Amino acid sequence: MQDTLRDKGLRKRLIDKLRERGIQHESVLQAMTVVPRHFFMDSSFLSYAYKDQAFPISSGQTISQPYTVAFQSSLLDIKQGEKVLEIGTGSGYQCAILLEMGASVYSIERHKDLYLSAGKLLTQMGYRPNLFWGDGYLGLPGYAPFDKILLTAGAPNLPDELIKQLKIGGKLVAPIGATKLQTMTVYHKISESSITREEHGHFSFVPFLPGKI
Ligand code: SAH
């Protein structure tokens, strides 16, 4: 794993582009400047690592588009030391961004090979994530409650179990919708019985599927 001057230059250009597209959250941009996205991609796609595009990883899944990672991370607004649950570890890239922002990250992936490869890579990079092979629909009741929860797969609707595992005052960011395009939705848990929601435009994610494989 090498992060050359050329990679760093391409990454800097990508960050400039994200700023132009309206991303203003400095600690998100800083984390994305530091984390080499090309480490998380198949070697045949390395030249695409710093284009603002989603890309195939193994198991028929994708690494999210940089703009989407920046957008979701900005909505989450991570503060140092917060406990965050990510659903859909995938390549581990979004997980690395959250870790770089100082979160304590718990991340679940339903594909065993992705769970294993993300764990290996993040450990090699010196991160200490808490990764789980399991069904994100169930969350991680044994580790709840979380300050923030992030879904990185498109869910037809918000699973009650995940809202239960959010702290009061906490925030959950999820692409919601049963079709190809989902609405980026932010839920705020005001009390055990009161949740507010805001919508932030349309995105396209791989589907949130039940069970683990
Ligand atoms: N955050 C990832 C994006 C991966 S795409 C990254 O930065 O690369 C979404 C991921 O969600 C896929 O890897 C998919 O396998 C996973 N996923 C879908 N349904 C899931 C479920 N019920 N539980 C856990 N992971 C799930």
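Which right-handed unit do β4, α5 and β5 make? This tour begins with the sheet and returns to that point.

The model is predicted: local features need pLDDT of at least 70, side-chain atom pairs count only at pLDDT 80 or more, and totals for chains, interfaces and linings use all residues. Residues are numbered from 1 along each chain as its sequence is written, and side-chain values use heavy atoms, with hydrogens and water left out.

**The sheet**

Select the strands first. Helices (H or I, at least four residues) and strands (E, at least two) are DSSP runs, numbered from the N terminus. Seven strands form an open sheet of mixed pairing, in the order β5-β4-β3-β6-β7-β8-β9; two strands pair if DSSP finds at least two bridges between them. At the edges stand β5 (130-133) and β9 (194-203), each with a single partner strand, so one side of each has no neighbour in the sheet. On average, neighbouring strands of this sheet are turned by 15° against each other, direction ignored. Axes are lines fitted to C-alpha atoms, for helices over the stretch in contact, and angles run from 0 to 180 degrees between N-to-C directions.

Next, select residues 83-87 and 104-109. These are β3 and β4, which run parallel and are joined by five bridges. Among the paired residues, Val 84 has Val 105 in β4 as its bridge partner.

Now show residues 112-124, helix α5, which lies across β4 and β5 and runs at about 165° to β5; contact means heavy atoms within 4.5 Å. Together, β4, α5 and β5 make a right-handed β-α-β unit. Right-handed means that, with the strands pointing away from the viewer, the path from the first strand over the helix to the second runs clockwise.

**The ligand**

Select the ligand and its surroundings. It is surrounded by 26 residues, the closest being Gly 88, Ser 91, Glu 109, Gly 136 and Leu 209; a residue counts if one of its heavy atoms lies within 4 Å. A nitrogen atom of the ligand is 2.9 Å from a polar backbone atom of Gly 88, and a nitrogen atom of the ligand is 2.7 Å from one of Gly 136.

**Two loops**

Finally, select Pro 145, in the loop between β5 and β6 (146-151). A cis peptide bond, with omega about 5°, joins Ala 144 to Pro 145.

Ser 59 is in the loop between β1 (55-56) and β2 (62-63), and its phi is near 60°, a positive value. Most residues other than glycine have a negative phi, and most peptide bonds are trans.

Methods. A polar contact is a pair of N or O atoms within 3.5 Å; within protein, one must be able to donate a hydrogen and the other to accept it, and residues adjacent in sequence count only if both atoms are side-chain atoms.
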